Amino acid sequence: MNGDGRMKRRTFLALSAAASVACRRRPGFEASLIAPDMATGHRLRQGGLPEPDRWEDVPILIVGGGIAGLSAAWQLDRLGLREHLILELEPAAGGTARGSRNGISPHPLGAHYLPAPPREHADLVELLGETGAIESFGPDGEPRYAEHMLVREPEERIFAGGQWWEGLYFHAGANGEDLRQLKRFQAEVDRLAAWRDGKGRPAFGLPRSRGSDAPEVRALDGVTLADWCNGHGLTSPRLRWMLDYACRDDYGLRLDETSAWAGLFYFAARQQGPHDRSRPILTWPNGNGFLVEHLARQAGHRLRTGHAVASLRTTSTGVEARVLEVATGRMLGFRARRAIFAGPLHLAGAVVEGLKADRGSSLEAFHRSPWLVVNLTLRKRPREVGFPMAWDNVIRDSPSLGYVVATHQRGLDAGPTVWTWYHPFTGEEKAERARLLAMDAPACAEMALADLERAHPEIRELVARVDVARWGHAMVRPRPGFCWSEALVRARQPFGPIHFAHTELSGLALFEEAFDHGLRAAREVNALYRSGSRST
Amino acid sequence: MADDPGGAPSGLQPPASNLKATPLFLSVLLIAACGLIYELVAGTLSSYLLGDSVLQFSTVIGVYLSAMGLGSWLSKYVHRNLARRFVEIELAVALVGGTSAPILFLAFARTHTFRPLLYGEVIAVGTLVGLEIPILMRILKDQVRFKDLVAHVLTLDYIGALFASLLFPLLLMPKLGLVRTSLLFGLLNGIVGLWGTWLLRTQIGETFWLRLKGVMVCALLLFGVFEAKRFTLAVEEEVFADEIVYAKESPYQRIVLTRGRGSFQLFLNGNLQFSSADEYRYHEALVHPALAARPRARRVLVCGGGDGLAVREVLKHPEVREVVLVDLDPEMTSMARHQPLLRQLNGGALDDPRVKVVNADAFVWLTEEQSEPFDVALVDFPDPNSFALGKLYTTRFYKLLKGRLKADGIIAVQSTSPLMARQSYWCVATTLEASGFKVRPYHLAVPSFGVWGYMLASPGDFEVPAHTLPGLRHLTDEAMMAMFAFPADMSRVPAEVNRLDNQVLVQAYTREWKRWS
Ligand SMILES: Cc1cc2nc3c(=O)[nH]c(=O)nc-3n(C[C@H](O)[C@H](O)[C@H](O)COP(=O)(O)OP(=O)(O)OC[C@H]3O[C@@H](n4cnc5c(N)ncnc54)[C@H](O)[C@@H]3O)c2cc1C
């Protein structure tokens, strides 16, 4: 008997519900590429730009307004050399540490945190003091950081087995051997953190220039972190997962390609001594963009954005820079006594005339991981199971690094938010870069959404807009042998009146390293500039 | 034989029968209503208890509908004695559907298997309800022409569903509450079954045992209806007391108002916020000591407390010119203005011209909004049982608050129970001190909470106030003095400072309260 009209009604309801879901699958959001300015980079590489029609003189010229360039300027000011200019290609300073903002929240486009430095790192402590990040100093002279700039608990969680868990190490279900190996690894890190060489230097310092160059430390750079783990009997999948995550997070490399020196640096350099698990972490809604904004304010009108340096040529009196003013397409000329090139080194090869011929092989030694950063603005928070939303949210079975919640530090725990999703491309460099640059904004958004769907099945319904940053040369790769290579040492050497400052010169992409190279380059310039001025 | 003008397919007239179609159609109406009520009860219950009404409702409805499909499909395997099967199914639905709300409440309160039970219940009821109509149609198919049969059954089915869907939110939920609604409709279902033993008696044959079963089911459910009150009391410690009279799922929290035993209660995310029976004790103690310590206060800030009850107390002080209430949830403050019970209790406080209501997270509001400093601030947040609430008890929060107070300003902070969560209570005191406040802890008994604690604090030195407003229900000068004395089992214990980057309070609080639940 064909009696069941009810079924028909129900089926119809189900079908129309399904249909309405299907309709909503059309992306209801706008996706845009916001960084970096690929078009200008392309124009610079094409060459054939006309000669400038106007020349300006400036004692010191800084090329690139990333952390390294801005820090160099900051240091020059401290040294009393206030006459300098920073030329930055992008419409805003900051490079890979830039932040951005939209109607919902400020958010990072790249770098988003900084381990709170101890008092020994006096320069950085001074910088942070200027920004208001230090409330007071303890009786031991250690800075006390502003509570709302330290990562608010809960800091991290991990999605595994269908729900969220506290922390980054996946404790649930770990067996005795897993935990023993975790302990052994931590003991090994403690040992390295406590270790001092003959000159009293730690095995790993932050920045690395404060650390030891003793042979036993350098030897770690000869093997991968995976090999080092094998040598120490560390085979626990959970531990290896965490270490692999750390390598991808800090260097955009896998465990079996990262130098053990660099991998252990990540853990031991942040630790002051044994059992001091790691430094507290400073972060801001716009990530390290907070520090960029402070440095850019200090530079004031001496920072010129939208100025792309097409070439740097050494002359008898110093340096000549040919510069494309991006907005107008005009060429401008700058003559300086000294210059600091604070962009990445593959651009140094293209911009600094004669550099390739002089040290091409050293420049070739640098390899970089591309990164994709996708900011998702959500209308509201998704439903979840398990540990509540943290600052850093990691999905275990994913090639991405998960997402950071931009509104976390502001204490906004409900309603609209912005998530910054990070994905390092860890494969063969050129192929990965081509793959990244072939993706348009919707494709980038799709990659992030497909990944996040593992933990948040309804994420697509919640997205209001998507802002994408595609970093083709995001992070230098510390593969075995590179961090202590001759090439690296050579790349740091000034080339005539041109000095170099960039995080790549450490073989590690970190704020502290960029800052350190900025300060070093400024000191080099200061020494020569003063002796130079005396002689004229 | 003459041609059949009715065109019955077999060419035969329907056999004369003593089977009455009309009463059976009426039972369709009732069955449909009952079926929808069980579905609504399950959906409502799960969204109250588990939160997130959209998800809960749609899963319950989805599961229920597919179970109905299953039932309809299974109906083709029912061959013999359809009438007896029909009555048995009615009685089974009555029993399973009728007892669903009390059983689920009990399961939520006493076990950890709420979800499996919920869906098991929904599948069982859905399957049985799915069986009902096809079987009934087959019973009637020889009595009524097919096209009329389909038309009548489906019409009545839909009308029954319509009745139920209107009755449920308008009458049943507010007047009876979930437990009694479910029992009552079970009873109705049972009566339909019992009635069926008369309507279908010629087809059933032996009816004695079937009727006995029917009577037993009805008796059980009737007993349930009368005992519902006692039952809800029994599980009330774990779940909300009594009937739910208002429930709303806002983006921030689940708001539930329940009524019973001459009072009503407000729950946020399942945690009791007040009972109208003794909230005056709680709110008098929160508000008046601070205003007594800072006479001639003109500007008062209330953080949290969207129910308007603290504001009601503040407004008793004629010298207060302006009250700013900062509460996260617009649903909450709108309920305080419009829900009749609550509005009556707070005396329409939020509509007083001296009161300004701001819907914002107090933490963010304090960081981002700048205004004249306050004389008094009353901090009335839910207990720190989540990181989102824990941030409102940190040095950061208290320092921000201090920044918005006059130098001689006073604050009062609800600080959980010094008896049940001693470490947490003193953690609040320690944190306030670390934020630059002088602190005077105090407490009193609020029967529906237990022994409850507060902090009176000020950036400057101050004395425990001696005189409070006359004419309060609980607070007198003597009672106020007594609140500041701490017996040995609640006296100060060392505690860590609660900061954003450690949130030690949330951990201590969760640990301590676990012992009491
Ligand atoms: C996705 C991502 C996440 C990261 N997260 C962290 C983190 O959390 N913490 C951390 O410490 N580090 C992080 N890093 C590392 C980060 O790169 C460093 O911290 C630091 O910001 C590097 O600064 P830099 O000045 O050395 O280089 P860059 O950021 O590369 O700056 C170089 C600048 O030079 C400009 N420039 C280049 N060529 C020219 C030219 N011809 N003319 C004018 N201007 C030019 C560029 O536009 C750019 O602004 C992250 C990096 C990436 C890509």
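How far does a backbone N or O atom of A:Thr503 lie from an oxygen atom of the ligand? The distance is 2.9 Å. The model is predicted.

**Ligand surroundings**
- The ligand is surrounded by 36 residues, and the closest are A:Ala68, A:Glu88, A:Thr96, A:His502 and A:Phe511.
- A:Phe511 also has a backbone N or O atom 2.7 Å from an oxygen atom of the ligand.
- A nitrogen atom of the ligand lies 3.0 Å from a backbone N or O atom of A:Tyr113.

**Helices H3 and H10**
- Helix H3 (residues 67-78) and helix H10 (residues 289-299), both of chain A, have axes that come within 10 Å and cross at roughly 45 degrees.
- Because of that angle, H3(A) is oblique to H10(A).
- The crossing of H3(A) and H10(A) is left-handed.
- H3(A) contributes A:Ile67, A:Leu70, A:Ser71, A:Trp74 and A:Asp77, which meet A:Val292, A:Leu295, A:Ala296 and A:Gln298 of H10(A).
- By class, this contact of H3(A) with H10(A) has six nonpolar, two polar and one charged residues.

**Helices H5 and H8**
- Helix H5 (residues 176-194) of chain A packs against helix H8 (residues 237-251) of chain A at an angle of about 40 degrees, and their axes are 8 Å apart.
- H5(A) and H8(A) are therefore oblique to each other.
- On the H5(A) side, A:Asp178, A:Gln181, A:Leu182 and A:Phe185 meet A:Pro237, A:Arg238, A:Leu239, A:Met242 and A:Leu243 in H8(A).
- The residues in the contact of H5(A) with H8(A) are six nonpolar, one polar and two charged.

Terms used:
Residues are numbered from 1 along each chain as its sequence is written. Chains are lettered from A and ligands numbered from 1 in the order in which they are written. This is a predicted model: local features need pLDDT of at least 70, side-chain atom pairs count only at pLDDT 80 or more; totals for chains, interfaces and linings use all residues. Side-chain values use heavy atoms; hydrogens and water are left out. Axes are lines fitted to C-alpha atoms, for helices over the stretch in contact, and angles run from 0 to 180 degrees between N-to-C directions. Helices (H or I, at least four residues) and strands (E, at least two) are DSSP runs, numbered from the N terminus. Angles under 35 degrees count as roughly parallel, over 145 as roughly antiparallel, 65 to 115 as roughly perpendicular and the rest as oblique. A crossing is left-handed if the near helix is turned anticlockwise from the far one by less than a right angle, and right-handed if clockwise. Contact means heavy atoms within 4.5 Å. Ala, Val, Leu, Ile, Met, Phe, Trp, Tyr, Cys and Pro count as nonpolar, Asp, Glu, Lys and Arg as charged, and the others, Gly among them, as polar. A residue is near a molecule or strand if one of its heavy atoms lies within 4 Å of it. A polar contact is a pair of N or O atoms within 3.5 Å; within protein, one must be able to donate a hydrogen and the other to accept it, and residues adjacent in sequence count only if both atoms are side-chain atoms.
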